[in-house]
Amino acid sequence: MEITHYDNDQYTLPQVVIPPPKPLLTAVKSSMRETFFSDDPFRRFKNQPGSRKVILGLQYFFTILEWAPRYKLSYLKSDIIAGVTISSLAVPQGISYASLCNMPPIIGIYMSFVPPLVYAILGTSRHMAIGPMAVSLVLLANIVSEEVSPAENPELYLQLALTSTFFAGIFQACLGFLRLGFVVDFLSQATIIGFMGGAAITVILQQLKGLLGIIHFTQKSDVVSVLISVFTQFHEWKWEPALMGCCFLFILILARNFSMKRPSMFWVSALAPLFCVITGSLVVFLTHADKKHNIKAIGHLQKGLNPVTVSDLSTVIKSRHLVACIKAGLITGIIVLAEGIACGRSFAAIENYHIDGSKEMIAFGMMNIAGSCTSCPVASGIFSRTAVNYNAGGKTQVSPIVMAIMMLLTILFMTPLFQYTPLVALSSIIIVAMYSVMDIPAAIHLWKIDKIDCMICMGACLGYCFGSVLVGLSIAIVISLLRLILFITRPRTLNLGKIPNTSVYRSVDQYPAANSIPGILILQIDSPIYFANANYLRERISRWIYEEEDRIKASGERGLEYLILDISTVGGIDTSGIRMLEEVKKNLDRRNIKLLLANPRSEVIKKLDVSKFIEKIGREWMFVTVSDAVESCKFLSHSSDPSSAEDKVKPSEDNV
């Protein structure tokens with residue numbers, strides 16, 4: 001960087017440099033790379049022979065080809081133990097979640113067979129446990145049930161759920177291939193916390209049907225309808241299932257709290273659901289409670305491999321239900337991605353390895369596409385099951401493969417053993433699982449940190465509870481977008497002052513000890529300048545000037561002579577923004593106030609140069625730092641002869 005010398009005071013000033021123009025194609029290529037390939041996925045292919053590039057390409061999409069050759073046999077024991085442990089949790093959870101969504105109970109077991117195998121081949125998380133996630137299944141069931149009643153037409157209901165899963169997989173895979181993961185970012189963490197909390201509340205209340213043995217129950221999912229249905233059917237309440245359910249709840253909660261206090265005993269809470277299922281089945285079988293004591297069992301479970309459902313998909317796609325399936329697929333696909341990727345990244349951070357978001361989207365998409373063709377509704381990564389896998393010592397993707405093998409053995413040989421499982425046991429398992437989903441400490445944390453985030457969380461939760469899935473999501477997304485629009489259209493402008501004994505200039509609000517410079521107003525614009533905020537910034541800068549002039553008149557200080565705009569945090573500007581700067585300059589000229597710009601960014605100064613704004617303001621009035629701009633203003637102000645002072649300040653070379 002060149003240095004300009006001031007002869008009289010030996011004052012040196014670094015120049016603001018205008019970057020050389022880039023060819024259009026080069027600029028577009030650079031912009032596309034920054035937008036879609038921020039992690040540079042093609043780095044591994046550089047300077048590699050053709051055959052090696054083919055191998056690396058296969059390893060990129062099929063991650064099993066990357067980790068399998070490096071697999072250590074010392075991991076096998078840990079992976080087998082972890083796989084068997086999570087399979088013991090997968091059976092009761094799968095049956096419970098399938099029943100929750102009015103699907104055949106065997107569907108829940110199917111979901112722990114095919115999807116985990118596909119994810120093990122394509123996914124990048126070493127600890128992710130795949131299976132049915134209650135919230136996404138409830139979401140899918142609520143949307144599909146608006147189109148077809150599961151009680152009146154269960155076969156079509158299941159076909160629509162599988163078709164929705166197919167579209168969810170297509171959507172997820174496309175996001176991964178096109179590297180459009182930022183779409184998922186529109187669901188903030190606050191939205192997910194609130195949405196899952198609302199889902200948990202409604203699901204828990206719906207389990208009162210099984211817990212109290214109610215026969216006639218509402219098909220609606222909102223809190224008001226469920227509570228009305230519970231209390232208007234008081235005459236159907238039965239004490240036997242209520243007693244058994246309370247016993248199971250006590251066991252499950254006790255096991256959960258015990259494992260939380262002693263993490264090394266994680267297997268206690270992991271095996272508790274299976275213990276309840278086995279105990280309940282034995283009680284029903286030995287006492288004939290399903291016939292004598294009003295305790296219903298799930299009944300016959302189909303034995304055998306997952307039925308292929310490709311023909312069912314083609315039938316639904318050609319029907320009038322196609323739009324509803326696409327809508328359900330898009331919504332559940334986003335929820336599954338947001339929750340699943342967050343789950344994988346949480347455990348990757350613990351073990352200090354990297355999760356590739358684009359690969360995860362592709363893996364989730366292909367997993368759900370394959371699942372939709374094999375009787376598996378939308379699957380996802382599950383926090384609770386992943387935590388069990390991690391605590392059980394799972395090291396690699398082999399543990400989900402072991403779980404899938406155990407599920408295969410279950411659906412081939414052991415499904416008849418579960419036909420006596422009481423529905424009240426499943427309701428108890430769901431209640432405890434859903435209670436774990438409600439992250440109340442996180443909501444309290446949101447309130448302490450950011451009130452608007454807490455509003456988004458509560459909007460999603462209450463909208464889901466008292467409206468529907470779409471109402472909850474709509475409220476959260478609308479508040480989030482309004483907040484985003486507010487940030488864009490109303491950026492902050494800060495008044496800067498000099499911190500004593502330094503050359504640093506910072507906001508006087510944050511640093512009360514920072515001193516303002518007489519005759520100089522220093523403002524910092526804290527966002528890009530675009531059409532959406534240009535008019536606001538023009539008015540806000542004018543207001544700063546009015547307020548400063550009023551303060552000067554009241555204090556009797558020297559009049560305002562210079563306005564320095566620190567645009568170091570302005571990452572971009574459009575034609576409306578440039579027009580705003582021109583209007584500000586005209587307004588200042590009428591007041592005999594000089595405009596200076598400090599530290600313009602590369603993209604900004606290129607546009608200012610092309611638009612001829614630099615010529616209008618004067619090249620000598622642009623500076624690398626605020627300190628340089630202030631010193632230049634002081635030099636001018638201290639010169640007794642304005643004409644000679646101008647000659648002194650104007651450098652032999654331009655500052656730009």
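Helix H9 (residues 189–206) comprises 18 residues, which at 1.5 Å a residue should span 26 Å, and its end C-alpha atoms are 26 Å apart, in agreement with that value. The expected span is taken as 1.5 Å times one less than the number of residues. Helices (H or I, at least four residues) and strands (E, at least two) are DSSP runs numbered from the N terminus. Of the 18 residues of H9, 16 are buried, so the helix is largely enclosed by the rest of the structure; buried denotes under 20% relative accessible area, exposed over 50%, and partly exposed the range in between (1.4 Å probe, protein chains only).

The model is predicted, so that local features need pLDDT of at least 70 and side-chain atom pairs count only at pLDDT 80 or more, whereas totals for chains, interfaces and linings use all residues. Residues are numbered from 1 along each chain as its sequence is written, and side-chain values use heavy atoms, with hydrogens and water left out.

Two packed helices are described by the angle between their axes and the distance between the axes. Axes are lines fitted to C-alpha atoms, for helices over the stretch in contact, with angles running from 0 to 180 degrees between N-to-C directions. The axes of helix H6 (residues 114–122) and H19 come within 8 Å and cross at roughly 155°, which makes H6 roughly antiparallel to H19. Angles over 145 degrees count as roughly antiparallel, under 35 as roughly parallel, 65 to 115 as roughly perpendicular and the rest as oblique. Pro116, Leu117 and Ala120 of H6 meet Pro400, Ile401, Met403 and Ala404 of H19, where contact requires heavy atoms within 4.5 Å. This contact has 7 nonpolar, no polar and no charged residues; Ala, Val, Leu, Ile, Met, Phe, Trp, Tyr, Cys and Pro count as nonpolar, Asp, Glu, Lys and Arg as charged, and the others, Gly among them, as polar.

For helix H22 (residues 451–466) and helix H23 (residues 469–489), the axes come within 6 Å and cross at roughly 160°; H22 and H23 are therefore roughly antiparallel to each other. Their crossing is right-handed. Residues of the contact include Gly459 and Gly463 of H22 and Gly472 and Ala476 of H23, and by class the contact divides into 10 nonpolar, 4 polar and 2 charged residues.

Helix H24 (residues 534–555) packs with helix H25 (residues 575–590) at an angle of about 25°, the axes being 9 Å apart. H24 is thus roughly parallel to H25, and the crossing is right-handed. Among the contacting residues are Arg538 and Ile541 of H24 and Met580 and Glu583 of H25. The contact comprises 7 nonpolar, 4 polar and 2 charged residues.

Several loop residues were also characterised. Thr415, in the loop between helix H19 (398–414) and helix H20 (423–437), is buried, with a relative accessible area of 0%. Apart from neighbours within four places in sequence, Thr415 is in contact with Ile106, Leu301, Gln302, Lys303 and Thr410. Ser375 lies in the loop between helix H17 (357–372) and strand S4 (380–381) and, although not a glycine, has a positive phi of about 65°; at 5% relative accessibility, Ser375 counts as buried. Asn599, likewise not a glycine, has a positive phi of about 55°. Asn599 occupies the loop between strand S9 (594–598) and helix H26 (602–610) and is partly exposed, with a relative accessible area of 33%.

Notes:
Left-handed = near helix turned anticlockwise from the far one by under 90°.
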